[in-house]
Amino acid sequence: MNKKVAVVILNWNGRSYLEKFLPSVCASTYPNLEIVIGDNGSTDDSVSFIQTEYPSLTLINNKENFGFAEGYNRVLEQVEADYFVLLNSDVQVDPYWIEPVIELMEADSKIGAAQPKILSFYDKKKFEHAGAAGGFIDYLGYPFCAGRILEKTEVDQGQYNHPKEIFWASGAAFFIKRDAWRKAKGFDKDFFAHMEEIDLCWRLKLFGYSIYYCPKSAVYHVGGGTLSKENPFKTYLNFRNNLVMLQKNLPLMQAIFVIFIRFWLDFIALLRFISEGKRKDALAVSKAHVNFFRNFRKNARKRKRTKSKKVSSGIYARALFGLTLYFKSRSLLN
């Protein structure tokens, strides 16, 4: 436990979450620990609250809201530690939550990033949507988790109590080795928010690292603290970022095939939004495609940095969610 760990919480107008959950983070038992609050241009009294109530914590101020991805990139440029733990402000932790993950990662030099078990703050017997028991993607690039399929989460009955390799670790409680973070150059700032941790984990795998789930550590996540799932901007980010992630990281011919299929599935999703009266979400899907094509060359250049190759571990071999979406939406096309 001599490795230095920095728990870094990126805050944006989250004074209420800091007041509620920061005490549990400060009660962490890990001995060589620095707690960093990175403020992303908050307009509430978050900064003055930290300065008054937690003067011993490290406070780093971004001049504006750079989003989750670039906000963390800028803050972590100013942090020195062997391990970074990116923790959402709406997460409650147990005192002994850091040690098991560091022990797991120290045991294997190839592990670049990891996550703990992520349970719901409101129902601590159930997994939480954003991460659950570790992330995977299907053949068409749709993300899902052990312990969560689509919108349904499982009760934690010990069924995921063994450490295992996963495809992506949740950004709600994201452990990463400093050297791995710097080799991958952190998050892709153009993502702004959503799926940036999946993209980063994919790039880490392309660099030869593995991603792990550590069930001996558990945290409790509120979820949806910044953008609710009903927010059209979140819809836009999820559709756009998923396409960009596929373009950047899949082998070229597979990327062409998968993105072609995804365009049609996205069109079906757009029709579903219209049929449900969610016209702003339908427009968000259209805007996501426009932005994808507008930045196609820019993102194509990013492929060269990692020399995209096939990664199989953690990718479900079938088009699990694409087919589900198709069959749910067939009535719209008849």
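**Close-up views of a predicted model**

**View 1. His 194 sits in the loop between α5 (178-184) and α6.** Helices here are DSSP runs of H or I with at least four residues, strands are runs of E with at least two, and both are numbered from the N terminus. His 194 is not a glycine, yet its phi is positive, at about 75°. With a relative accessible area of 21%, His 194 is partly exposed (buried means under 20%, exposed over 50%, partly exposed in between, with a 1.4 Å probe and protein chains only). This is a predicted model, in which local features need pLDDT of at least 70 and side-chain atom pairs count only at pLDDT 80 or more, while totals for chains, interfaces and linings use all residues. Residues are numbered from 1 along each chain as its sequence is written, and side-chain values use heavy atoms, leaving out hydrogens and water.

**View 2. Helix α6 (residues 196-206) is largely enclosed by the rest of the structure, because 11 of its 11 residues are buried.** Look for Trp 202, Cys 201 and Ile 198 among the buried residues. Charged side chains are on that list too, including Glu 196, Asp 199 and Arg 203. After α6 comes Gly 208, with a positive phi near 100°.

**View 3. Asn 13 belongs to the loop between β1 (5-11) and α1 (15-26).** Most residues other than glycine have a negative phi, and most peptide bonds are trans. Asn 13, though not a glycine, has a positive phi near 55°. Its relative accessible area of 27% makes Asn 13 partly exposed.

**View 4. Helix α7 (residues 232-249) packs against helix α9 (residues 279-294) at an angle of about 30°, with the axes 8 Å apart.** The two helices are therefore roughly parallel (angles under 35 degrees; over 145 is roughly antiparallel, 65 to 115 roughly perpendicular and the rest oblique). Axes are lines fitted to C-alpha atoms, for helices over the stretch in contact, and angles run from 0 to 180 degrees between N-to-C directions. The crossing of α7 and α9 is right-handed, meaning that the near helix is turned clockwise from the far one by less than a right angle. On the α7 side, the contact residues (heavy atoms within 4.5 Å) include Tyr 236, Phe 239 and Leu 243, and α9 brings, among others, Ala 284, Ala 288 and Phe 292. The contact divides into 9 nonpolar, 4 polar and 4 charged residues (nonpolar: Ala, Val, Leu, Ile, Met, Phe, Trp, Tyr, Cys and Pro; charged: Asp, Glu, Lys and Arg; polar: the others, Gly among them).
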